[in-house]
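I opened the model and kept notes as I went. The entries below follow the order in which I looked things up.

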Amino acid sequence: MEDKILGLHHITAIAGDAQRNYDFYTKVLGLRMVKKTVNFDDPQTYHFYFGDKEGTPGSILTFFPWQQVKKGKNGVGMATEIGYSVPRGSLDFWQKRFEKHGVEFGNIREQFREQYLPFRDPDGLNLKLIVPKDEDKREAWETDEVKSEVALKGFHSVTLTLYNVGPTASILSDIFKYELEEKVGEFYRYKTNAVENAAIIDIHEDPTAERGINAGGTNHHIAFRVKDEETQMRFREKIVQKGLQITEKIDRDYFFSLYFREPGGVLFEIATDNPGFTRDESLEELGSSLKLPDQYEQARDRIERLLPELKH
Ligand code: ZN
């Protein structure tokens, strides 16, 4: 059978204050922290993973919170907006909740015949809640204040801003097996039929925009999902054949990763389903204690002293 990318795996963004980031995603948005670890390349910085109950691929938003980070700028060559899927009828609840918590949000709008509510996180990251045309049957994580009838179910889509849709679209369609579903103005919707959810990449083609600056409040990379390492390595071969640079396979403890810069400038990752977040914690305990990769375990005391305190 032909290899297909299984939609989005995770998205990684840059934040400032760790506590503020944690509070916003777990308390205001009602996501579950499924893993609290460190940046494997910079262990004095946290790496937070927020998702559904299990941290299912397609639901995972991750952050590197750098306390003193400068504010970045959205622009060309970046993922510029993250879309979460929410149940029909929930947008009123979210408008009121955003109002109450001082969240910056816009009016409810419509694109591709779907209603959405745009908002920003405390670092200025662009997000939106989208009511999908087809019901999203994924089970959402619930909290006391955010019950399942309004809760975020995982990703709906992510928007890339590019000078020119062509070269990136060729990666999406020729290699990843996405198809152009619709074009409205300068927005192109690419979708894969390999999965039901987190299956959409929207491209905003904007030849006049400036390049983005990757710092606080912007996305660092988007990761696409594959079943296992064998499939991943077949995709690696296809990227190499396309003449692009791609990393070797990297062990991220909870998945295996490959990274490459697609021709439009966005950092793409290909990540595996295995081994998943229950590798080192039970499902009930996910996110409750600081997890370190083996190479840093002997330095745990020092790392814990250097990381900012985090109140759950
Ligand atoms: Zn990643």
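**Entry: helix α3**

I started at helix α3, residues 165-175, where Val165, Thr168, Ala169, Ser170, Ile171, Leu172 and Ile175 are buried. Buried means under 20% relative accessible area, exposed means over 50%, and partly exposed is in between (1.4 Å probe, protein chains only). Helices (H or I, at least four residues) and strands (E, at least two) are DSSP runs, numbered from the N terminus.

I noted the ground rules here. This is a predicted model, so local features need pLDDT of at least 70 and side-chain atom pairs count only at pLDDT 80 or more, while totals for chains, interfaces and linings use all residues. Residues are numbered from 1 along each chain as its sequence is written, and side-chain values use heavy atoms, with hydrogens and water left out.

Next I checked the ends of the helix. Asn164 caps the N-terminal end of α3, with a side-chain oxygen 3.0 Å from the backbone nitrogen of Gly166. After α3 comes Lys177, with a positive phi near 70°.

**Entry: the nonpolar cores**

Which residues touch the most other members of the largest nonpolar core? I found Phe176 and Ile201, in a core of 72 residues. A nonpolar core is a set of buried Ala, Val, Leu, Ile, Met, Phe, Trp, Tyr and Cys residues joined through side-chain atoms within 4.5 Å.

I then listed the partners of Phe176, leaving aside neighbours within four places in sequence. Phe176 is in contact with Lys4, Ile5, Ile171, Phe224, Phe235, Ile239, Phe260, Phe268 and Ile270. Contact means heavy atoms within 4.5 Å. Another core lies apart from the largest one; it has 9 residues, among them Val34, Tyr49, Phe255 and Ala271.

**Entry: the zinc ion**

Which protein atoms are the donors of the zinc ion? I read off His10 (NE2), His221 (NE2) and Glu269 (OE), at 1.9 to 2.0 Å. Donors are N, O and S atoms within 2.8 Å of the metal (3.2 Å for Na, K and Ca); water is not among the atoms, so sites may look incomplete.

The sequence spacing of the donor residues is H-x210-H-x47-E. The two histidines link distant parts of the chain: His10 sits in strand β1 (residues 8-15) and His221 in strand β13 (residues 219-226), 211 residues apart. Both His10 and His221 are buried.

**Entry: helix α1**

I moved to α1, residues 18-28. The buried ones are Ala18, Gln19, Asn21, Tyr22, Phe24, Tyr25, Thr26 and Val28. At the start of α1, a side-chain oxygen of Asp17 comes within 3.3 Å of the backbone nitrogen of Gln19. Gly30 follows the helix, and its phi is positive, near 75°.

**Entry: single residues**

I looked up Gln111 in strand β6 (residues 109-111). Is Gln111 buried or exposed? Gln111 counts as buried because its relative accessibility is 17%. Beyond four places in sequence, Gln111 touches Tyr116, Lys128 and Phe187.

Gly124 lies in the loop between β7 (114-120) and β8. Gly124 is buried, at 16% relative accessible area. Leaving aside neighbours within four places, Gly124 is in contact with Lys71 and Gly217. Its C-alpha atom is 13 Å from that of Tyr25, 99 residues apart along the chain.

Lys147 is in the loop between β8 (126-130) and β9 (155-162). Lys147 is partly exposed, with 35% relative accessible area. I also took the C-alpha separation of Lys147 and Lys177: 35 Å, at 30 residues apart along the chain.

Asp228 lies in the loop between β13 and α4 (229-241). Its side chain makes a polar contact with the side chain of Thr231 (2.5 Å). A polar contact is a pair of N or O atoms within 3.5 Å; within protein, one must be able to donate a hydrogen and the other to accept it, and residues adjacent in sequence count only if both atoms are side-chain atoms. Asp228 also touches Thr272 and Asn274, not counting residues up to four places away.

**Entry: the whole chain**

The protein chain has 6 helices and 16 strands. Buried residues make up 58% of its 312 residues. Among contacts between residues at least 6 apart in sequence, 67% join residues at least 24 apart. The C-alpha trace spans about 50 × 45 × 40 Å along its principal axes.
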